[in-house]
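Please read it alongside the sequence and the coordinates shown below.

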Amino acid sequence: MPTATIAGHEVQINDEGFLTEYDEWNEDIAAELAKNIGIDMTDDHWKLINWLREDYKEKGETATTRRVQTVGGFPTKQQFVLFPKKPARKMAYIAGLPKPHGCV
Amino acid sequence: MTIIPDFGDDDESDRKFVLICSKGNLDMAYPALVLANAALGEGIETHLFFTFWGFDMITKSRMHDLQFSPVGNTAMHLPIKDKKLPQSLAPLPGMTALATKMMKQQIEDLGIPEVPDFLDQIVASGGHLWACRMSADMNNLTESDLRDDIDGIINATDFIEMTDGAQLLFI
């Protein structure tokens, strides 16, 4: 596993650049990851990312966009506005989580 | 070392995905919905074209009531592992209702929405819905009978024009 220094922290990442250790994540790192892919974090972004991390902690897997809508309460449209084009993967990347496995 | 994933934002992709939904059975509605949803989640321009029996997926009075029948489906298994439902039992009264109920429950258990709700999500994700002119005329249906978010009722020529350069999937 490669390591990277992000926002001054040494973290483990996979070959795509996603963090692999849940506990190595913090908000400074998230802001830097978001910047890497052209996203400026607003309150709405943080709410969603923090929910995604909480849900992962509980469920052990990354929520799909469907679950982010139905359980998290973030409408699909909003997800596409906050994380354009590929919301599921971008949200997971910033939240330091694996890409979702579910189909829907 | 910093690796930044490539989300393809800078690529000028003109990939376009068009799914033709021609079936009105519950089990045959889902492949197109799942794939369209996945394509939209990958930032791909996606269109669904509803024709013939697939019209039931977008007809207001019918879209909540798609059914699954085990008749003619030899892959219909019983809840007991690998036991098949004998085809002679498949047409019995109540069997379609039972099979539909079971399938809906399995879909719900996976957190997958029902058909109208799934189409809501697809539209919210930027997907386009089109209805077939000939199917509308055959069934005496107009736009007011269909989902309000249908982009339009189009004819075969419009469809050919619209799908220029697209990847097509007929279901």
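## Model and conventions

This is a predicted model, in which local features need pLDDT of at least 70 and side-chain atom pairs count only at pLDDT 80 or more, whereas totals for chains, interfaces and linings use all residues. Residues are numbered from 1 along each chain as its sequence is written, and chains are lettered from A and ligands numbered from 1 in the order in which they are written.

## Overall fold of chain B

Chain B contains five helices and five strands, where helices (H or I, at least four residues) and strands (E, at least two) are DSSP runs numbered from the N terminus. Read from the N terminus, their order is β-α-β-α-α-β-α-β-α-β. Taken along the principal axes, the C-alpha atoms of chain B fill a box of roughly 55 × 55 × 25 Å.

Of the 171 residues of chain B, 28% count as buried. A residue is buried if 20 or more other C-beta atoms lie within 10 Å of its own, exposed if 12 or fewer, and partly exposed in between, with C-beta atoms placed from the backbone. Among contacts in chain B with a separation of 6 or more, 71% come from residues 24 or more positions apart; two residues are in contact if their C-beta atoms, placed from the backbone, lie within 7 Å.

## Domains of chain B

Chain B is divided into domain 1 (15-64 + 114-171) and domain 2 (68-113), with bounds that come from an automatic or database domain assignment. The centres of these two domains of chain B, taken over C-alpha atoms, are separated by 25 Å. Their contact takes seven residues from domain 1 of chain B and five residues from domain 2 of chain B. On the domain 1 side, helix 1 (26-41) and helix 3 (115-124) of chain B each supply at least two residues. Helix 3 of chain B gives the most to that side, with three residues.

## Helix 1 and helix 3 of chain B

Helix 1 and helix 3 of chain B pack at an angle of about 20°, with their axes 10 Å apart. Axes are lines fitted to C-alpha atoms, for helices over the stretch in contact, and angles run from 0 to 180 degrees between N-to-C directions. The angle therefore makes helix 1 of chain B roughly parallel to helix 3 of chain B, a label for angles under 35 degrees. Ala29(B), Leu33(B), Ala36(B), Asn37(B) and Leu40(B) in helix 1 meet Val115(B), Phe118(B), Gln121(B) and Ile122(B) in helix 3.

Within helix 3 of chain B, the residues Phe118(B), Leu119(B), Gln121(B), Ile122(B) and Val123(B) are buried. Their cover includes helix 3 and helix 4 of chain A, together with helix 1 and strand 3 (128-132) of chain B. Helix 3 of chain B is followed by Gly126(B), whose phi is positive, near 100°.

## Interface between chains A and B

The contact takes 26 residues from chain A and 19 residues from chain B. On the chain A side, helix 3 (65-70), helix 4 (76-82) and helix 5 (87-95) of chain A give two or more residues each. Helix 5 of chain A gives the most, with five residues.

## Gln67(B)

Gln67(B) lies in the loop between strand 2 (45-50) and helix 2 (95-109) of chain B. Gln67(B) counts as partly exposed because it has 16 C-beta neighbours inside 10 Å. Not counting residues up to four places away in sequence, Gln67(B) touches Asn25(B), Leu26(B), Thr96(B) and Thr100(B).

Note on methods. Angles under 35 degrees count as roughly parallel, over 145 as roughly antiparallel, 65 to 115 as roughly perpendicular and the rest as oblique.
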